[in-house]
Amino acid sequence: TSSYNCSTENGKFTNRNFPKYCNICVYELIRLVYRKRINRPNYNQMAPYVAFFGINTFVAGNLSLMPAINDGAEISYQKGNWWVTIHFGNTKDAITQYQSEFDTTANVLVYRSQNLEYSRSYGVNTNFSFRVASWWKMQNYFSLNRNSLKTKHLNSNLKNNKNVFSVNSNSTFRISESITADASVLYESAGM
């Protein structure tokens with residue numbers, strides 16, 4: 001931290017080049033992440049029993065479910081109180097719950113978990129915090145993602161792509177030394 005002329009006082013970064021009321025330190029960080037994860041089907045998704053909703057409708061387990069393999073990567077950049085992250089994720093054989101299948105010969109509707117061919121997501125997230133006034137602090141988060149999936153269990157498999165946007169802003173107001181109030185705003189566009 002010496003290259004940015006920073007020091008710590010009471011566990012907080014401070015920069016002596018700024019006026020005392022700023023109490024910030026300019027620092028930068030780049031982070032690269034790769035992850036691989038296996039999601040195995042749970043007992044309820046594979047259970048060989050059925051639960052009836054009606055005479056011709058029931059939920060059943062699926063003994064042919066495969067584990068889902070997820071690969072993901074992200075790069076993050078931080079400067080002070082601002083973060084930006086670009087990410088990508090691909091899940092082969094993603095497990096979805098309660099997929100409907102209609103058997104025309106038996107006139108039966110069955111809901112069961114199924115594997116997708118893939119589920120993908122990529123996008124950018126950013127968050128930052130700042131003090132609007134000495135008594136008002138804000139934390140803001142923005143996210144823009146592209147999600148896509150493809151089924152593999154239907155006679156005519158579906159592909160679906162969707163852009164998803166979300167905004168989350170939280171404000172903390174100091175009313176007195178012992179009383180604070182919080183206000184939050186959340187917006188999420190329709191997802192898959």
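The chain holds one helix and twelve strands. Keep in mind as you look around that this is a predicted model. Going along the sequence, the elements come in the order β-β-β-α-β-β-β-β-β-β-β-β-β. Of the 192 residues, 27% count as buried. The accessible surface comes to about 13200 Å², with 55% of that belonging to carbon and sulfur atoms. As for contacts between residues at least 6 apart in sequence, 49% of them join residues at least 24 apart.

What lies on each of its faces?

Strand 6 runs antiparallel to strand 3 (residues 28-39), and twelve bridges join the two. Across this pairing, lysine 36 stands opposite aspartate 71 of strand 6. Strand 6 also pairs with strand 7, again in the antiparallel sense, over eleven bridges. Here alanine 73 faces phenylalanine 88 of strand 7 as its opposite residue.

### Two hairpins

Strands 6 and 7 form a hairpin with two residues between them, and glycine 80 in the turn has a positive phi of about 65°. Another hairpin is built from strand 8 and strand 9, with four residues between the strands; in this one asparagine 107 takes a positive phi near 55°. Strand 8 (residues 95-103) and strand 9 (residues 108-133) are antiparallel and share seven bridges. Valine 108 in strand 9 is the bridge partner of aspartate 103.

### Around asparagine 90

Asparagine 90 belongs to strand 7, residues 82-92. Which residues does asparagine 90 touch, leaving aside those up to four places away in sequence? They are Ile69, Asn70, Asp71, Tyr118, Ser119 and Arg120. With arginine 120, the side chain of asparagine 90 makes a polar contact of 2.9 Å. The charged end of arginine 120 also sits over the ring of tyrosine 118, 3.8 Å from the ring centre.

### Aromatic pairs

How many aromatic pairs does a search of the whole structure find? The count is eight. One is formed by tyrosine 77 and tryptophan 82: the ring centres are 5.9 Å apart and the planes stand at 70°, so this pair is edge-to-face. The rings of phenylalanine 128 and phenylalanine 130 have centres 6.0 Å apart and planes at 15°, so their pair is stacked. Ring pairs also bring Phe142 into a cluster with Phe128 and Phe130.

The table gives the exposure of the residues in these two pairs.

| Residue | Relative accessibility | Class |
|---|---|---|
| Tyrosine 77 | 25% | partly exposed |
| Tryptophan 82 | 37% | partly exposed |
| Phenylalanine 128 | 24% | partly exposed |
| Phenylalanine 130 | 36% | partly exposed |

Why does phenylalanine 128 count as partly exposed? Buried means under 20% relative accessible area and exposed means over 50%. Phenylalanine 128 has 24% relative accessibility, so it falls in between and counts as partly exposed.

Note on methods: Residues are numbered from 1 along each chain as its sequence is written. This is a predicted model: local features need pLDDT of at least 70, side-chain atom pairs count only at pLDDT 80 or more; totals for chains, interfaces and linings use all residues. Side-chain values use heavy atoms; hydrogens and water are left out. A polar contact is a pair of N or O atoms within 3.5 Å; within protein, one must be able to donate a hydrogen and the other to accept it, and residues adjacent in sequence count only if both atoms are side-chain atoms. Contact means heavy atoms within 4.5 Å. Two strands pair if DSSP finds at least two bridges between them. Rings of Phe, Tyr and Trp (its six-membered ring) pair if their centres lie within 6.5 Å; planes under 30 degrees apart count as stacked, over 60 as edge-to-face and the rest as tilted. Buried means under 20% relative accessible area, exposed over 50%, partly exposed in between (1.4 Å probe, protein chains only). A charge sits over a ring if NZ of Lys or CZ of Arg is within 6 Å of the ring centre and within 35 degrees of the ring normal. Accessible areas come from the Shrake-Rupley method with a 1.4 Å probe; for residues, only the protein chains shown count as cover.
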